[in-house]
Amino acid sequence: MTNHPGHDIWPASGWPTTPDELIRVQETLAHAAWTPFRPLGRVRVGACYTCFAQAEPGRGRPDDVGWAAAALGDEIAVASAVSPEGYEAGLLALREGPLLEAAVRALTELPDVLLVDATGRDHPRRAGLALQLGAVLDLPTVGLTDRPLLARGDDPEDVRGAASPLSIDGERVGYLLRTKQGARPICVHAAWRTMPEAALEVVLTATGQMRTPEPLRAARTAARVARARDLRG
DNA sequence: GCGACAG
DNA sequence: ATCTTGTCGC
């Protein structure tokens, strides 16, 4: 938890710092060999989330302060820093990667599988931030978003648990999942070491009565609370 | 040229 | 991310 944030976690983070660099990493990760994660037994599901100080529509600003939180069971960890980049679709890792990694690494124990507020295989180079973060942390990950980046899918029926495939040119990259009746479906993305079906299973086990899976709700709340606290003194 | 475009 | 709109429940 950095109280007076700087760019400090970026240079030493090992994450790419330029679009060209990131794109190369994404292309490499998209073709990397992997063994599929099978959710067996009691799987510990964690989540991470980032929010920023500037709340303007459209692209976020460079040099904005960000707060990331990671949640696993009752434990919460938070990290904060100035993020050098604004938001650009396809390059979210430049803005949030090191922040999310820092929050997850601040947990006492790592989860068996991590939910990330970003896409995975649904990406121009098939390597969204959820996939990349999993590779960096060596953890299976699942991406969760409100809407797809490139993928398309039909609306699942309005029954809790109903799902319909999200695809890019016939390639299945995730599912639209109705986690709550009467609520918009969430996008569940295959990411690092997770097939679309495994991703779906993980999300269903982590979801209670609310639309958003519990670990992600916890991380989201924690990040926003940290932001509110730090923006006072 | 215009809209779309994870957070 | 944020905003708008609509609906339901307190």
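**Ground rules.** I number residues from 1 along each chain as its sequence is written, with chains lettered from A and ligands numbered from 1 in the order in which they are written. The model is predicted, so to speak of local features I need pLDDT of at least 70, and side-chain atom pairs count only at pLDDT 80 or more, while totals for chains, interfaces and linings use all residues; side-chain values use heavy atoms, with hydrogens and water left out.

I began with the strand order. Eight strands form an open sheet in the order 3-2-1-4-5-8-7-6, and the pairing is mixed. For my own reference, helices (H or I, at least four residues) and strands (E, at least two) are DSSP runs, numbered from the N terminus, and two strands pair if DSSP finds at least two bridges between them. Strand 3 (75–83) and strand 6 (163–168) are the edge strands, each pairing on one side only. From one strand to the next, the twist averages 25°. Axes here are lines fitted to C-alpha atoms, for helices over the stretch in contact, and angles run from 0 to 180 degrees between N-to-C directions.

**Strand 1 and its partners.** Strand 1 (residues 45–52) runs antiparallel to strand 2 (residues 64–72), and six bridges join them. Ala 47 has Ala 71 as its bridge partner in strand 2. With strand 4, strand 1 pairs in the parallel sense over four bridges, and there Cys 48 has Val 116 as its partner.

**Strand 4.** The chain gets from strand 4 to strand 5 through helix 3 (residues 129–137), in a right-handed β-α-β crossover: with the strands pointing away from the viewer, the path from the first strand over the helix to the second runs clockwise.

**Gln 132.** I looked up this residue in helix 3. Gln 132 counts as buried because its relative accessibility is 2%. Its contacts (heavy atoms within 4.5 Å) include Trp 15, Leu 22 and Ala 93. Leu 29 is 103 residues away along the chain, yet the two C-alpha atoms are separated by 7.1 Å.

**Arg 178.** This one sits in the loop between strand 7 and strand 8. Arg 178 has a relative accessible area of 8%, so I note it as buried. Its side chain reaches the backbone oxygen of Pro 156 at 2.5 Å. Among its other contacts are Asp 155, Glu 157 and Asp 158.

**DNA strand C.** Which residues are around DNA strand C? I found Tyr 49, Ala 55, Arg 147 and Arg 224, each with a heavy atom within 4 Å of the strand. An N or O atom in the side chain of Arg 147 is 2.9 Å from a base nitrogen. For Arg 224, an N or O side-chain atom is 3.4 Å from a phosphate oxygen.

Notes
Polar contact = N/O pair within 3.5 Å; in protein donor to acceptor, adjacent residues only side chain to side chain. Buried < 20%, exposed > 50% of the residue type's maximum accessible area, 1.4 Å probe, protein only. Lists of a residue's contacts leave out its neighbours within four places in sequence.
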